[in-house]
Amino acid sequence: MIREPGLTGRRLTVGDVATRLDPEQFADAIERERACELPNEHRGKLIAVPLRNAAADFARYLAALSDGLVPLVLPSNCQPAIRDALLDRAAKQLGASGSVGPFPCTSREPGIVLPSSGSTGERKTIFRSLASLHAEGRRYRSLWGMLTDKKVLIMAPLHHAYALGVAHGCLAAGADIQLCEPNQLDAALEALRSCEHAALTPAIARLLILRARSQGWRGALTCTVMAGAGQVDAQLDADFEAHFGIRLARNYGSAETGAILFGEAGLAPLAAGRPMDGVQLRIDSAAQGRLSAKVAGNEPADWHAMGDIARVDGNGCYFILGRENFAIRRGERFVPHVEIEQFAASRLDLTAARCRSERRQDRPGNFALDVWPYDRTSFDPARFRADLAQHFAAEDLPDRIVPRVVPPVTTSGKLAQVRRYRQASPDVLREHIFAYKRAHLAFALSALGVFDALAEGDLDHAATRCGVDVGQLEYALLLAERYGIVEQGAPTNENADEIRAMTELEAELSLGYNAVAAIIESLRHGPVAVGGDCAFVGRYSAVMTGRGLQTRARMVLRAMSARPAPDRVVEVGSFDPVYLQNLPSNWQSAERLFMPLASPDARVTTGAREIRTLRRADAWPGPVPVVIFTRSLHWPGAGQILHQALDDLVAGAGSIIIDDIFLDSSASAPDFGLDWLTHAGTTFWSRDILFEFVQKRGANIEKIAVPDFKFRNTNDSHVFSITR
């Protein structure tokens, strides 16, 4: 059981933070973290603490507090550059030295630092004293009473201020903390049966409903399930009750104040609840207006502007109408932009939506609705507007609907303002401006055969064989060495064929699809289709489906060969089939169908049996026992095909394999991302978008571990299995 740190300021011990779930792992984790030296992750006593929903991570957080450190709480996938920037910002804010040593915190008490969500602009850091966290814990204890021997499930991301507040509530109430990652839906469904309380977000609640629906899971829960960090609309509340027999409790607060409102299950749609113990609230106008809070135990104990527009009903229940800086007013009333955004985001074809004011002198209430479709090529704004008109009054409809590609999501998962970019510093920009010289020199040396000649002999041999001036070549190779293209030493032939093929292809792309003029054209009119020159298409396909990918396919299929042999396998690829040419021996009798999305022509008559070609215009041959997407998710039409395959899967048929590259999968992935911009598409550009798309339809997705290969084009890929 995790015990609350003493309010007198005594240090935590390992015994204080033992947990019944895994006491040895928890205690060991604390000692291990105390033994670590993290010179790049702290400023003085300010230390970065990435948090997953895992006992070991929470142990690290508590260990840092027990040792008198000030944890900067971050998501586990926080990029090092963002982490360092937040550390520097927090250190400056708190007056911490950049060197290791005493932490001259301006607060009289220890505490933690939380990054704001960034949903209202640039991300900032917020200091919460330990006394403030203890006070929040006592507010939860007042709600729950003592929970000795009772479990509280935390599914909301632990790095959220909301989830950490609940965790401190568990410490205060003596409860057992049960941590579950937001995407561990099956484990969460099981944990909900035995817990006393659960803390999640509306987005997670929607995923649980879809997962329960796909599994045929129904049951009357006896716990209280609290949804915070978002609002609960009527549809979500009704759907949750239909599957779990209970409605959702409510929670509202901020990183600065902690939780300040709680609402029992059964409140009206979009209600946030009533003030918790020790909380005073006020609204700056009689009907609705800006909300401020005064919270006992917080420093300074003054009124804090929450940044939200709110109203309160006759029963003292508060309703949050939206962020103050996003509020859109037409006449004497506010547009219900939160309800519009939630309606849009609940659709299966949209990942997010945001109302954005476009104030004009002739119409100050003008606003646009930014939407982020999963598949922009198949999204119909006119049809979406018609759906909006059926649910909202004419005066509440947006003036424009703007389909976008990249939702600006904060580290806490909230939708932020549309990104604002600026040109990089002159030094950084100069490095990129000159980068083309590096690539062109490599292309020229490869085209002349210099790399092959150097593998056979010395510089003079290379000059003679390639028909170039030895002095010019000597100087060119000196430049190439400075660029890192060549190095001194005995020659190696490691992956020579693959490297040569990729170099030749990239040289062609730099003069064609990825030329400056082509990039400009794609920005104006979208990507163009690959086609025309069959020889070029063949070279492109050879690189895309090379030896490394073939080996990877055999390994993935070998792991699947224990399953019952399917009677049909469909591969959706870019140019040529990969997996269909490597089916395990017990799958050889399966009918093979290949759908190429990148090229109208494909060579698909290889292997033990003929491979039949499907076109995008052909009817989907479902249900199909096994569907494989190979480097094809970003091409036009992939979203509709995946949607159809998922419908079949959720209905009870088969499995889906995805082998692809994502913009967030590796440091080199943007190199492939430029290809998507100019001659493919931007569908499913990130793993998070793919996971959300799959889970929103009630399916389960998990990564398949495949060993790395030496060839980079393969290592950038990720393989996922989707099951019912």
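L478 is partly exposed, its relative accessible area being 37%. The model is predicted.

**L478 and the surface patch**
- L478 belongs to helix α15, which covers residues 470–483.
- A nonpolar surface patch is formed by Y475, L478, L479 and Y483.
- Together these four residues have about 360 Å² of accessible area.
- At 37%, L478 falls between the 20% and 50% limits, so the residue is called partly exposed.

**T678 in helix α21**
- Helix α21 spans residues 669–679 and includes T678.
- The T678 side chain reaches the backbone oxygen of Y513 at 3.4 Å.
- Y513 is also one of the contacts of T678 beyond four places in sequence.

**F384 in helix α10**
- F384 sits in helix α10, residues 381–391.
- Leaving out residues up to four places away in sequence, F384 touches F343, A344, R347, L350, L369, V371, F379 and I401.
- R347, among those contacts, is 37 residues from F384 along the chain.
- The C-alpha atoms of F384 and R347 are separated by 9.8 Å.

Note on methods: Residues numbered from 1 in each chain as written. Predicted model: local features only at pLDDT ≥ 70, side-chain atom pairs only at ≥ 80, totals over all residues. Heavy atoms only, no water. Patch = residues over 30% accessible without salt bridge, like charges linked within 9 Å, V, L, I, M, F, W, Y side chains within 5 Å. Areas by Shrake-Rupley, 256 points an atom, 1.4 Å probe, with all protein chains shown as cover. Salt bridge = Lys/Arg side-chain N within 4 Å of Asp/Glu carboxyl O. Helix = DSSP H or I, 4+ residues; strand = E, 2+ residues; numbered from the N terminus. Buried < 20%, exposed > 50% of the residue type's maximum accessible area, 1.4 Å probe, protein only. Polar contact = N/O pair within 3.5 Å; in protein donor to acceptor, adjacent residues only side chain to side chain. Contact = heavy atoms within 4.5 Å.
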